Amino acid sequence: MNRITTLIATAAAAIALTGSASGEIINLSTPGTSMVLDATEGQPLRILYYGDKLSAVDLENLEASPLAHHEAYPVYGIYPQGEAALSVTHADGNRTTQTEVTGVSTEEKDGATVTTIAMRDKAYPMELKVNYKVRPGYDVIETWVDITNNEKGAITLNRFMSGYLPIRYGDVWLSSLYGSWANECELTEEPLTHGVKMIKNKDGLRNSHTAHGEVMFSLDGKPQENNGRVIGAALCYPGNYKLMVDTDDSDTHHFFAGINEENSEYHLKKGETFTTPELALTYSNEGLSGASRNFHKWGRDTRLHAGNKERKILLNSWEGVYFDINEDVMAGMMEDIASMGGELFVMDDGWFGDKYPRNVDNSSLGDWVVDTRKLPHGINGLLETAKKNGIKFGIWIEPEMTNTTSELYEKHPEYTIKAPNRDVVKGRGGTQLVLDMANPKVQDLVFTIVDTLMTKYPEIDYIKWDANAPVMEHGSQYLTSDNQSHLYIDYHKGFVKTLDRIRAAHPDVTIQACASGGGRANWGVLPWFDEFWTSDNNDALQRVYMQWGTSYFFPAIAMASHISASPNHQTFRRIPTKFRADVAMSGRLGLEMQPKDMNDEDRAICAQAIEDYKKIRPIVQMGDLYRLQSPFDKKGAASLMYVTPEKDDAVFFWWKTETFMNQQLARVPMAGLDPDKTYMVTELNCIDNDPLPYEGKTYSGKFLMANGLEMPLTYKVDYHKNTDFASRVLRLTEVK
Ligand code: GLA
């Protein structure tokens, strides 16, 4: 091992390089994982290994072991049969690319170490830099590529993936998320078989309704939550993506992830560089939950905006009053949420529009002025009411959009996305259009919308940023005719640029990413957003499923989860308040209803939930997630828990997902506790006449993880209060 030179001492010896018989071996090392590359000059970059952290002896002898020596970033052209991460048409029309490593460098940036392997085409002055970012303490490696054109003329990028990973053929299973509006984050688990599995998005804006740009690979057969080797991959991009697993006739599943290149070929002028979004990779030998914990910790600490700041408990006005906004109703809602212990009120859609009042969804987007017919004392009046009630105030906007019925559209129809010689294609309300964020004037406009709000009303604490339309026709009125294929990519370049400006000017305001519900749950937006709206469906039973899937890649702190009315407005299911509260408390708790519609008992349950949530908020929002029993396994109940990193405090959630008489449900063993610690059980949100038999009792972590605690299938309540739902929230506090 003495021939390995540790180059980076500062970043916990994250990177080690070694000269070897075949050249330069790079060991990207994190606390629990190693990725090993062969960056021999004059050769293509190769990946030798990704998995459990290698010992010195295994690292030394890696090349002799029968591991695949795949290119780390395969390119198209020579032996063009296989899939490639990059495909280029050079300035002279040549469609082949052939790379060789020219050097390796490392850079310390913001506490992370970036290793860059420089490559060039053997015959053309096109440069490729493959980057790997490692942060001390995190089992996540971020990879991305810079492509620089030094050729005589423009080159065309036909495919430009962020990264590639070969996964050894075996009993490998893929876990991925699919769904649709109001049914986000359904889970699919499937063994990888021969052929291509493609997961893609072509919406233009909302990239997480139907499928997700994140996946997990279970390497040891059917996925398990707390056992087995798992590789996780999350593309950090807000736009159209493509994730592809090609299982060919070799011994390998070839995994590619990046921007969806379809109808997006990119022309790179001489001297220009194209940078792909990051692909975040993780590996865990603690099953799916272990990979999720890696993503959560990395995400909270390094990617999510204000990821370590506790989120407030809020009431959002949407399902309570929809567009029926007025001063009295807003004031009533603020009083009500304050009296229940909430901390923030968010006024949703319907507050704006002068010439065209926003009374339904068919007008006014773009006209971000207060409708003083509804709110005579304006935003200031509302801010005062909030202050009087001791809570903060937040507001809804949809800044990337307009309606044909709006003053903005009357003045600037050229700001919208539209193809020439076609009728304008309209969305929501029959009038909604998307503004063209590729256009710098639109970028300025969107920046100014937020900047004006925040400058005029600096006390605004929270913005719900919505986006309720896809790209409805391929056409930018800003881009030149030969660069129309840049629309999808330049939209997001403009979007991100604008978000950068907004965050530079307004770092403290909490911003939620909403896009027709859960359309923007992705790591590509979260550096600027504090959370996302998980779904427009608040039905607590369906949320058990949706939030389960969401938690594969995103931490609870970012997952907005609200108690809404019963019957539910989407499914019409009637679910008791206790169960609705118990589900909402497993994410970022809020309410989404008119509190005036609640009876005293339901209001008391909500107030209790808010009080209890404040106690467990640090555990839920910052703790480690252990998913225990999946609702997708149809075992009659679902269960998960959060544990503090010190393992001295935990919250156990259990929700019954179906009800049959004399049903026998398995007891759920817990996970993540310290076997040698003793924990005291306290039930939260308790509605029973008698406490659970475990109330105030103590158990060892070892016992709880081996056996769990038996959950009664019903509550002990007065006869007429029985329902077909049951759930429990238990806090487990270390007794010293
Ligand atoms: C979208 C959002 C909702 C709500 C409405 C307002 O559908 O997902 O939460 O804000 O817009 O029009």
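This is a predicted model: local features need pLDDT of at least 70, side-chain atom pairs count only at pLDDT 80 or more; totals for chains, interfaces and linings use all residues.
How far does a polar side-chain atom of Arg428 lie from an oxygen atom of the ligand?

**View 1. Asp349, Arg428 and Asp466 each put a polar side-chain atom by a ligand oxygen.** For Arg428, the gap to an oxygen atom of the ligand is 2.9 Å. Asp466 shows 2.9 Å as well, counted from an N or O atom in its side chain to a ligand oxygen. With Asp349, a polar side-chain atom lies 2.6 Å from an oxygen atom of the ligand. On its own the ligand has 310 Å² of accessible area, and the protein covers 96% of that.

**View 2. Trp318 and Tyr322 make an edge-to-face ring pair.** A search of the whole structure turns up 27 aromatic pairs. In the one picked out here, the ring centres of Trp318 and Tyr322 are 4.9 Å apart, and the pair counts as edge-to-face because the planes sit at 80°, past the cut-off of 60 degrees. Tyr322 comes out at 29%, so it is classed as partly exposed.

**View 3. Here is a cluster of aromatic residues joined by ring pairs.** Its members are Phe295, Trp298, Trp523, Phe532, Tyr552, Phe553 and Phe554.

**View 4. Two charged side chains sit over aromatic rings.** One of them is Lys297, whose charged end is over the ring of Tyr138, 4.8 Å from the centre. The other is Arg543, which lies over the face of Trp533, with 4.9 Å to the ring centre.

**View 5. Helix H9 runs through residues 540-550 and is mostly covered.** How many of its eleven residues are buried? The count is eleven of eleven. Among them are Leu541, Val544, Met546 and Trp548, along with Gln542, Gln547 and Thr550. Arg543, the residue over Trp533, is on the buried list too. Look at the start of H9 for one more contact: a side-chain oxygen of Asp539 gets to within 3.0 Å of the backbone nitrogen of Leu541.

Conventions
Residues are numbered from 1 along each chain as its sequence is written. Side-chain values use heavy atoms; hydrogens and water are left out. Rings of Phe, Tyr and Trp (its six-membered ring) pair if their centres lie within 6.5 Å; planes under 30 degrees apart count as stacked, over 60 as edge-to-face and the rest as tilted. Buried means under 20% relative accessible area, exposed over 50%, partly exposed in between (1.4 Å probe, protein chains only). A charge sits over a ring if NZ of Lys or CZ of Arg is within 6 Å of the ring centre and within 35 degrees of the ring normal. A polar contact is a pair of N or O atoms within 3.5 Å; within protein, one must be able to donate a hydrogen and the other to accept it, and residues adjacent in sequence count only if both atoms are side-chain atoms. Accessible areas come from the Shrake-Rupley method with a 1.4 Å probe; for residues, only the protein chains shown count as cover. Helices (H or I, at least four residues) and strands (E, at least two) are DSSP runs, numbered from the N terminus.
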